Amino acid sequence: SSTLKNNLIATNLAQEGIFKVTKGLKLTPTESKFFTHLVQMTQATTHEEKDFHFRQLAAYRPFRKAKELTALQYDCLSHWYYAAILELVRLHDFQENPEWIARRLGGNVTLSEVRRALTDLEQLKFLTRDEGQKIKRSEQTLVTPNEVKSLSVVNFHRQMCDLAKKAVSEMPPDRREFSSITIALSEEGFSKIKAKFQEFKRELDSYLEENQNQKNQVIQINL
């Protein structure tokens, strides 16, 4: 559409300027709305604003049709339970039953959300089926545009923080582990800590993959 063709001018326009552009381009009401959200997302200064306008753009049918994978990738990265379902599939007793999955997710996800997640994950080829039509996890990796990735990753970590806060008060101590350190340090020290966290995460992932028999649970480790 003319909206997409002219997205290069979607920067630094005030509301009056947006109106003049949409009128000058003779955009339809729907195209004008799309263009407005495009401009406002470009100019947004907070995550909440950017996220809101991207969701509005993603709901626009021509955009979703042209950028179907982008919209699905955004959904996948923006919802914590997509990653959890990918890990649930690896359990020896996994059941492709939305009720079973929702129950294993702690009742924090609705049946419709589970069904949509399964459909999206198959469409993104994260989940495939063997000759017997049994669902399994693939080795597919997710590559997303930077803007989508930055918005959705923030959403993901915020949701994980909310779940962690809930776990502090609702889960018994033997089912969780929380600890913290408050310490003064230099910028160099801060960089070294980040590097050590990354190294530890890789080592932990490798250890858990190589030193397990039957997997019977999914946990979340936040660093």
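Of the 223 residues in this protein, 32% are buried, where buried means under 20% relative accessible area, exposed means over 50%, and partly exposed is anything in between (1.4 Å probe, protein chains only). Keep in mind that this is a predicted model, so local features need pLDDT of at least 70 and side-chain atom pairs count only at pLDDT 80 or more, while totals for chains, interfaces and linings use all residues. Residues are numbered from 1 along each chain as its sequence is written, and side-chain values use heavy atoms, with hydrogens and water left out.

Now the overall layout. The protein has eleven helices and two strands, and from the N terminus on they run α-α-α-α-α-α-α-α-α-β-β-α-α. Both kinds of element are DSSP runs numbered from the N terminus: helices are H or I with at least four residues, strands are E with at least two. If you look at contacts (heavy atoms within 4.5 Å) with a separation of 6 or more, 57% of them join residues 24 or more positions apart.

Let's go inside, to helix H7, residues 80-88. Seven of its nine residues are buried, so H7 is largely enclosed by the rest of the structure. The buried ones are Trp80, Tyr81, Tyr82, Ala84, Ile85, Leu86 and Leu88. Tyr81 has a relative accessible area of 7%, and Tyr82 sits at 2%.

How many aromatic pairs does the structure hold? There are three, counting rings of Phe, Tyr and Trp (its six-membered ring) whose centres lie within 6.5 Å; planes under 30 degrees apart are called stacked, over 60 edge-to-face, and the rest tilted. One of them is Tyr81 with Tyr82, a tilted pair at 5.4 Å centre to centre and 40 degrees between the planes. Phe94 and Trp100 make an edge-to-face pair, because their planes stand at 90 degrees, with the ring centres 5.5 Å apart. Both Phe94 and Trp100 are buried.

Out on the surface, there's a nonpolar patch whose members include Ile181, Phe190, Phe197, Tyr207, Ile219 and Leu223. Together, the patch residues have about 1,200 Å² of accessible area, computed by the Shrake-Rupley method with a 1.4 Å probe, where for residues only the protein chains shown count as cover. Ile219 lies in the segment after helix H11 (187-210), and at 57% relative accessibility it counts as exposed. For the protein, the accessible surface comes to about 15,300 Å², with 52% belonging to carbon and sulfur atoms.

Notes:
Patch = residues over 30% accessible without salt bridge, like charges linked within 9 Å, V, L, I, M, F, W, Y side chains within 5 Å. Salt bridge = Lys/Arg side-chain N within 4 Å of Asp/Glu carboxyl O.
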